[in-house]
Amino acid sequence: MTTPAQFDEPWQAQLFALTVALNEAGHFGWTDWTAAFGAELKARGAVRELDGGADYWAAWLVALEGLLDRSGMAARGEAERVRADWERAYLATPHGQPVRLEG
Amino acid sequence: MPHDDPDHPHSLLPSDPALRVKALETILTAKGLVDPAALDAILETYEEKVGPHLGARVVARAWSDSAFRDRLLADATAAVAELGISGRQGEHVVAVENTPETHNMVVCTLCSCYPWPLLGIPPAWYKSDAYRARAVREPRKVLAEFGVALPEGQRVRVWDSTAEVRYLVVPMRPEGSEGLDEAALAALVTRDSMIGTGLPERPA
């Protein structure tokens with residue numbers, strides 16, 4: 001049998017790997033993660049039925065952002081600032097050049 | 001998009017979630033909380049190495065080696081380690097065997113706990129609200145939608161995975177597969193048959 005594609009978009013794979021890496025490095029237990037993620041899925045599912053595709057990974061991202069904010073590993077304000085830095089870097093980098101953050 | 005397109009002189013802006021993930025990665029690696037090499041290793045494992053072919057190897061071994069089958073049912077985590085397969089989150093794998101009396105089916109009602117080391121990343125339907133809610137409530141109806149019609153007398157047992165325990169269904173060996181070697185048997189084992197929403201393929 002052939003193995004189906006595991007992720008629809010590269011960021012989903014990055015997000016998954018980041019979460020597993022944090023767990024493996026001992027920064028949170030997998031049970032803590034599934035509790036946070038389960039709560040986020042439940043909250044979203046109450047509003048609209050989730051299809052398990054893009055909305056699943058969107059919920060995963062929000063759950064991880066929340067967990068990292070609460071633990072102080074990546075406070076929300078910091079995450080928003082770095083996200084904006086990346087956006088600026090993409091917009092300022094000529095097409096075809098590697099995109100890097102300043103400093 | 002051509003490289004010299006005057007309307008797009010800058011790099012293509014990634015999507016909002018992609019930028020947010022990049023931001024987290026930047027912060028966590030800068031703080032030394034995550035090692036970029038570890039991230040790459042995890043990505044490589046899940047994108048290239050792990051998938052249902054590993055679970056299929058386990059099932060095929062259980063079909064052809066009864067001593068292995070016994071070890072698998074007694075302690076699946078240890079048995080799959082014999083084949084060089086191990087979990088990353090320290091989760092405990094439990095193998096549940098289908099019999100003429102009982103058909104097993106796996107769900108995770110909390111989020112989507114799944115035996116990743118054996119089956120890879122779960123398919124979208126496994127992660128959907130519809131499956132997570134209905135698998136427990138009306139398993140036979142869900143099975144019918146997957147094209148699985150069970151004999152009247154065979155009961156359905158639904159197992160709810162958790163962060164600690166992940167279930168692997170060992171389907172019944174299909175008729176006509178006598179004499180096939182392990183590799184040929186593994187080719188009959190579909191992903192869905194190891195979740196319990198499908199049956200193995202019949203030998204050609």
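A salt bridge here is a side-chain nitrogen of Lys or Arg within 4 Å of a carboxyl oxygen of Asp or Glu. Because B:R20 and B:D16 stand four residues apart in helix α1 of chain B, about one helical turn separates them. Helices are DSSP runs (H or I, at least four residues), numbered from the N terminus.

The model is predicted, so local features need pLDDT of at least 70 and side-chain atom pairs count only at pLDDT 80 or more, while totals for chains, interfaces and linings use all residues. Residues are numbered from 1 along each chain as its sequence is written, chains are lettered from A and ligands numbered from 1 in the order in which they are written, and side-chain values use heavy atoms, with hydrogens and water left out.

Both residues of the opening pair also reach across to chain A. B:D16 forms a salt bridge with A:R83, the closest N and O atoms being 2.9 Å apart. B:D16 lies in helix α1 (residues 16–30) of chain B and A:R83 in helix α4 (residues 76–92) of chain A, so this pair joins two chains. With a relative accessibility of 34%, B:D16 is partly exposed, whereas A:R83, at 18%, is buried. Buried means under 20% relative accessible area, exposed over 50%, and partly exposed in between (1.4 Å probe, protein chains only). B:R20, for its part, forms a salt bridge with A:E65, with 2.8 Å between the closest N and O atoms.

Elsewhere in chain B, B:D70 and B:R69 meet through their side chains in a salt bridge of 2.6 Å, N to O. B:D70 is partly exposed at 43% relative accessible area, and B:R69 is partly exposed at 28%. Shared partners link A:E65, A:R83, A:E87, B:D16 and B:R20 into one network of salt bridges. Over all chains, the whole structure holds 19 salt bridges.

Turning to the interface, 56 residues of chain B are in contact (heavy atoms within 4.5 Å) with 58 residues of chain A. The two chains bury about 5100 Å² between them, 67% of it on carbon and sulfur atoms. Buried area is the accessible area (1.4 Å probe) that two parts lose on being put together, summed over both. Three salt bridges are counted between chain B and chain A. On the side of chain B that touches chain A, α1, α2 (36–49), α3 (52–64), α7 (124–127) and α8 (129–137) each supply at least two residues. The helix that gives the most to this side is α1(B), with 13 residues.

At 1% relative accessibility, A:L61 is buried. Beyond its neighbours within four places in sequence, A:L61 is in contact with A:L15, B:P17, B:R20, B:V21 and B:L24.

Finally, the cysteines: zero disulfides are found over all chains, a disulfide being a pair of cysteine sulfur atoms within 2.5 Å. The sulfur of B:C108 lies 3.8 Å from the closest cysteine sulfur, that of B:C113, which is too far for a bond. B:C111 is in no disulfide either, its nearest cysteine sulfur being that of B:C113, 3.8 Å away. Both B:C108, at 0% relative accessible area, and B:C111, at 2%, are buried.
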